[in-house]
Amino acid sequence: MKKKTARMIATMTMAMTLATSPGEVRAQLLSTPNQVIDCGQVLFRKPVTVHFEITNQGKGAVTIKEVETSCGCINVSYPKGMITENKPFVVTATYDAKQMGHFEKYIDVFTKGASLPFTLTIKGVVVEELKDYGGEYQFVMGKLKTDTREVFFDDILKGDNPVAEIHLLNTSSEMATPTVLNLPSYLKADISPSSIPPGRSAELRLTLATNKMEDYGLAQASVFLAFKAGERPSQDKEIHVTSIVLPSLGEVTVQQIAYLPKMKISSTTLDLGEFEGKKKKKGTLVIENLGRTDLEISKVQMFTEGLLIDLSSNVIQPGQTAKLKVTADQKVIKGVKRQPKILLITNDPKNQKVIIDINVK
């Protein structure tokens, strides 16, 4: 049935039986692991069908009074009789793909005794020809393969929302419904299509929401790819996400250019050599300000554990220097999987971000 009343989307995956305002009651306790199904690429003039697996989690039976859709291009089938407590059922929706481009359609399920619906969403993109990823899937993550397990958001300004893409391949004989676990609040994950048939591919898009990050500088997170909902995180399915968010220095006038700080560092690589039985190895870098105003080092951060850092001054006057002393702890650093690095963030527009590689064996 075509949509004819104002739709109010139920939040999360459950529509509760509660009063939201006088006279309004949400659909009884219906739940689904996939309230939004992304079909990914859909061929032009080839209808696509999806199945929403829903459970009645309320106390007592429910009946679907009616189902409304956001357009006449969707046909829906659903159980017409009583649905007993804790019984799963299926709502099937078929989208008639007669229009090119992205689509997002809504299906409102009304149960008896409720004035607000349980809303399902179907989305995707209609194309003339299916395009598969042409690269290699080098990394095994359980029953899935990916083209990378490292994501690096670099030189991002506060307020930006960059997106990184990871390609997935279902190597199993089962339908995959992958999800990303342990996402921090500043990361959003979207997988298209949300269900991957055996031998088929999908795209995972990670979006960095910098406005949800507490501060600029270095942030690192480990998220985990699951073949389906309910799996637990495991190290063999880890995706490491690194971001470097820079503060905006604003526009610089022609008059200001001559008076800017100018950073010079003795090296961006510090070779500490081998421990050779020693517990610690030490090295020093020299930072000089060749500009005409103070050089400010606002952030000094480590990419890994196992390093101790001592900066003699984070404000360096024109013509002056500061020493950056680095100590590597053999006991800690031997367990580090990635190369130790140090991040400096300064107010020199040409050297706002400086990464120092630490080599130690």
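Residues are numbered from 1 along each chain as its sequence is written, and side-chain values use heavy atoms, with hydrogens and water left out. Because the model is predicted, local features need pLDDT of at least 70 and side-chain atom pairs count only at pLDDT 80 or more, whereas totals for chains, interfaces and linings use all residues.

An open sheet is formed by five strands in the order E23-E30-E29-E25-E27, with mixed pairing. The edges of this sheet are taken by E23 and strand E27 (315-316), each of which has a single partner strand, so one side of each is left without a neighbour in the sheet. Strands (E, at least two residues) and helices (H or I, at least four) are DSSP runs numbered from the N terminus, and two strands are taken to pair if DSSP finds at least two bridges between them. In general, strands of a sheet pair through backbone hydrogen bonds, either parallel or antiparallel.

The pairing of E23 (residues 269-273) with strand E30 (residues 353-360) is parallel and extends over four bridges, with glycine 273 having valine 360 of E30 as its bridge partner.

A polar atom of the threonine 346 side chain lies 3.0 Å from the backbone nitrogen of aspartate 348. When residues up to four places away in sequence are not counted, threonine 346 touches Met263, Leu295, Glu296, Ile297, Asn351 and Gln352, contact being defined as heavy atoms within 4.5 Å.

The second largest pocket holds about 230 Å³ of space, and its lining consists of Val252, Ile257, Leu260, Pro261, Lys262, Leu290, Gly291, Asp348, Pro349, Lys350 and Asn351. A pocket is an open set of points, on a 1 Å grid over the protein atoms alone, where a 1.4 Å probe fits and with protein on both sides within 12 Å along at least five of seven lines, and lining residues have an atom within 4 Å of a point. The volume is the space filled by probe spheres set on the points, which are joined across faces, edges and corners. By class, six lining residues are nonpolar, two polar and three charged, where Ala, Val, Leu, Ile, Met, Phe, Trp, Tyr, Cys and Pro count as nonpolar, Asp, Glu, Lys and Arg as charged, and the others, Gly among them, as polar.

Leucine 260, one of the lining residues, is found in the loop between helix H1 (254-257) and strand E22 (263-265) and counts as partly exposed at 25% relative accessibility. Apart from residues up to four places away in sequence, leucine 260 touches Val252, Gly291, Arg292, Thr293 and Pro349. Leucine 260 and proline 318, although 58 residues apart in sequence, are 9.9 Å apart in space from C-alpha to C-alpha.

In another part of the chain, eight of the 10 residues of strand E20 (residues 217-226) are buried, so this strand is largely enclosed by the rest of the structure. Strand E17 (residues 179-181) is joined to E20 by three bridges in the antiparallel sense, with leucine 181 opposite phenylalanine 224. E20 is likewise antiparallel to strand E21 (residues 238-246), to which eight bridges join it, and in that pairing glycine 217 stands opposite valine 245. Histidine 240, located in E21, counts as buried at 9% relative accessibility; leaving aside neighbours within four places in sequence, histidine 240 is in contact with Arg149, Glu150, Val151, Gln220, Ala221, Ser222 and Arg338.

Key: Polar contact = N/O pair within 3.5 Å; in protein donor to acceptor, adjacent residues only side chain to side chain. Buried < 20%, exposed > 50% of the residue type's maximum accessible area, 1.4 Å probe, protein only.
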